[in-house]
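Subject: Structure handover and summary of findings

Dear colleague,

Please find below the sequence and structure that I am handing over to you.

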Amino acid sequence: MEDLPLDQVRTLLAVVDEGTFDAAAAALHVTPSAVSQRVKALEQRTGRVLVLRTRPVRPTESGEVLVRLARQVARLERDAYAELGLSGAGEPTRVSIAVNADSLATWFLDALVRLPARSRFCFELRREDESHTAALLREGTVMAAVTSSPDPVPGCSVRRLGTMRYLPVARPEFAAELLAEPLEESLAAAPVVVFDRRDDFQDGFVRRLTGGRTGASTLRHFVPTSEGFAEAVAAGLGWGMVPQAQAVPLLRAGRLTVFAPDRAVDAPLYWQQWKLDSPALAAVADAVTETAARALHR
């Protein structure tokens, strides 16, 4: 196959980012017809459908490969311009990262502030469950991700960060009233707090206690922020698995109790990023791994 024309690849990226052919045309300062012709030409060259003509436009699996390529080329171009001193009017270095809510609420921001302000990084953080952040890497939406998967996404490298420890906790009055022995029976019936409809962490905890017979109660409260989740448990809405870093001050204040002290759960976390010789990505990766080494369990 012949080399891929970069103007066509960049046009595909604009279509995906802007959501429509018309919006991409406006961003590129060309006509919608020119955008359509470039995308069609790229599809003919690759022999694959690259985008689904929906609203907004969505890349196919093959399209995701080329979208990722376009973002990587753009990253390398910006790094090269910066090294040559041709970075324009001080344009900031944009770094897109997918990170889970609990990391974002506890330790991840400490990593970003370790980077010197003169570096002029501009971060775009995408909050996503750690079991789904790798999908954003695969799609080319982000350059790096905190993920639960040790298996590298194609074109990415992976480092182990450590484990985030979760404690099974509840408000003391809640535990005394509703979490009597045998725990596996009372826990399966007690109200529970979950993050969102994809969160099965509490269900998994109960399944381990019951040998897989049942998950957590269907009487559940959805609280889709990490801080709000911990507060909902401390307020007595239900029990939940709270990161140790968030639980400790609430335990000291007497607002939470660990109702199963020997049942803490350690969730491994990994850092995945594009395999690029990019000073910006390298600096961010070093800051993240150094902060994780202090904040997470090894």
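The notes below treat the model as a whole and then turn to its side-chain pairs and local elements.

This is a predicted model, in which local features need pLDDT of at least 70 and side-chain atom pairs count only at pLDDT 80 or more, while totals for chains, interfaces and linings use all residues. Residues are numbered from 1 along each chain as its sequence is written, and side-chain values use heavy atoms, with hydrogens and water left out.

Overall description

The secondary structure of the chain amounts to 13 helices and 11 strands; both are DSSP runs numbered from the N terminus (helices H or I, at least four residues; strands E, at least two). The C-alpha trace spans about 70 × 40 × 30 Å along its principal axes. Of the 298 residues in the chain, 46% are buried, where buried means under 20% relative accessible area, exposed over 50%, and partly exposed in between (1.4 Å probe, protein chains only). The accessible surface comes to about 14,800 Å², and carbon and sulfur atoms hold 51% of that area; these areas come from the Shrake-Rupley method with a 1.4 Å probe, and for residues only the protein chains shown count as cover. Among the contacts with a separation of 6 or more, 74% are between residues 24 or more positions apart, a contact being heavy atoms within 4.5 Å.

Salt bridges

Side chains of opposite charge can pair when their charged atoms come close. The structure holds nine salt bridges, each defined as a side-chain nitrogen of Lys or Arg within 4 Å of a carboxyl oxygen of Asp or Glu. Three of them are described here.

- Arginine 71 and aspartate 17 form a salt bridge whose closest N and O atoms are 2.6 Å apart. The pair links distant parts of the chain, 54 residues apart, with arginine 71 in helix α4 (residues 61–83) and aspartate 17 in helix α1 (residues 6–18). Arginine 71 is buried at a relative accessible area of 17%, whereas aspartate 17 is partly exposed at 42%.
- Glutamate 43 meets arginine 53 in a salt bridge of 2.9 Å, N to O. Because glutamate 43 lies in helix α3 (residues 32–46) and arginine 53 in the loop between β1 (51–52) and β2 (58–59), this pair ties together parts that are 10 residues apart in sequence. The relative accessible area of glutamate 43 is 14%, and the residue is buried; arginine 53, at 45%, is partly exposed.
- Arginine 171 and glutamate 173 meet in a salt bridge at 3.2 Å, N to O. Arginine 171 is partly exposed, with a relative accessible area of 30%, and glutamate 173 is partly exposed at 49%.

Aromatic side chains

A search of the whole structure finds six aromatic pairs. Rings of Phe, Tyr and Trp (its six-membered ring) pair if their centres lie within 6.5 Å; planes under 30 degrees apart count as stacked, over 60 as edge-to-face and the rest as tilted. One of the pairs, tryptophan 239 with phenylalanine 259, is edge-to-face, at 5.8 Å centre to centre and 90° between the planes. Tryptophan 239 lies in the loop between α11 (226–235) and β9 (240–243), and phenylalanine 259 in the loop between β10 (257–258) and β11 (265–274), so the pair ties together parts that are 20 residues apart in sequence. Both tryptophan 239 and phenylalanine 259 are buried. Trp107, Phe108 and Trp271 form one aromatic cluster.

The charged end of arginine 197 sits over the ring of phenylalanine 222, 4.3 Å from its centre; the criterion is NZ of Lys or CZ of Arg within 6 Å of the ring centre and within 35 degrees of the ring normal.

Glycine 240 in β9 is the bridge partner of valine 169. Gly240 and Val242 point one way from β9, Met241 and Pro243 point the other way, and all are buried.

Helix α10 is largely enclosed by the rest of the structure, because seven of its 10 residues are buried. Among the buried residues of α10 are Phe205, Val206 and Leu209. Glycine 211 follows α10 and has a positive phi, near 65°. Aspartate 200 is in the loop between β7 (192–194) and α10 (201–210), and is partly exposed at 49% relative accessible area. Its C-alpha atom is 8.8 Å from that of glycine 215, 15 residues apart along the chain.

Yours sincerely

Definitions and conventions:
Pairing = 2+ DSSP bridges.
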